[in-house]
Amino acid sequence: MYDREVRYRMQDTMNAARIEYTQKGVMNLASRRCDIIRISQTSAVLAILTQFNLPKQFYLDIPDARLSKIGCVLMKIFSNNTVEVRFLRLLSEKEMNKIFVYSTHPAHRDRVLDIRA
C-alpha cells in the first residue's frame, strides 16, 4: 500500500515531540520524549533520546504546534537512535506550516504564523 503512494520531499526541522503508546494492551498510555529531525506530509524521522522497545503503532504529539494524536506506523529503525515513521493520514499544509513556525532549525527562522487562517 505505501509503495504506491506519492512521495513527498523530506525537510529538515527540529521540533520537540512525544510518542504515546499502550503498554501490553493496557488502557493507559505511556509516553516518551523525542525530537523530529526530518518531516514530510506522509512521514518523519524521529530522534529518540533513550533506547526502549518502540511498538509498531503509536501516536505522535507535537505540543508546540498544538498537533496531537497523529497515528504512526514504525517503518525503519536506524542504529543511531533514530527511527523512520509513516503517518496514517496526510498532514495538511496548514499543519506543516505550524510545525515549521515552531521549529528551532535555522532553515525555518523566517517563518511566521498566519493567525487569520
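**Close-up 1. Salt-bridge network of Arg-18, Glu-20, Asp-61 and Lys-69 in the predicted model.** In this predicted model, salt bridges link Arg-18, Glu-20, Asp-61 and Lys-69 into a network. The structure holds six salt bridges.

Close-up 2. Asp-61 has a relative accessible area of 5% and is buried. Glu-20 counts as buried because its relative accessibility, 12%, falls under the 20% cut-off. Arg-18, at 32%, counts as partly exposed. Lys-69 is also partly exposed, with a relative accessibility of 41%.

**Close-up 3. Pairing of strand β1 with β2 and β4.** Strands β1 and β2 run antiparallel and are joined by ten bridges. Asn-15 stands opposite Ile-36 of β2. β1 and β4 also run antiparallel, here with three bridges between them. Ile-19 has Leu-60 as its bridge partner in β4.

**Close-up 4. Ile-19 and the largest nonpolar core.** The largest nonpolar core has 27 residues. Ile-19, Ile-39, Leu-46, Phe-58, Leu-60, Val-85 and Phe-87 are those with the most contacts inside this core. At least two core residues come from each of β1 (11–22), β2 (29–39), β3 (43–48), β4 (57–62), β5 (67–77), β6 (82–87) and α1 (93–101). Leaving aside residues up to four places away in sequence, Ile-19 touches Ala-30, Ser-31, Arg-32, Cys-34, Leu-46, Ile-48, Leu-54, Phe-58, Tyr-59 and Leu-60.

**Close-up 5. Buried residues of helix α1.** The buried residues of α1 are Glu-95, Met-96, Ile-99, Phe-100 and Val-101. These buried residues pack against β1, β2, β4 and β5. In an α-helix there are 3.6 residues a turn, so residues three or four places apart point the same way.

Note on methods
Residues are numbered from 1 along each chain as its sequence is written. This is a predicted model: local features need pLDDT of at least 70, side-chain atom pairs count only at pLDDT 80 or more; totals for chains, interfaces and linings use all residues. Side-chain values use heavy atoms; hydrogens and water are left out. A nonpolar core is a set of buried Ala, Val, Leu, Ile, Met, Phe, Trp, Tyr and Cys residues joined through side-chain atoms within 4.5 Å. Buried means under 20% relative accessible area, exposed over 50%, partly exposed in between (1.4 Å probe, protein chains only). Helices (H or I, at least four residues) and strands (E, at least two) are DSSP runs, numbered from the N terminus. Contact means heavy atoms within 4.5 Å. Two strands pair if DSSP finds at least two bridges between them. A salt bridge is a side-chain nitrogen of Lys or Arg within 4 Å of a carboxyl oxygen of Asp or Glu.
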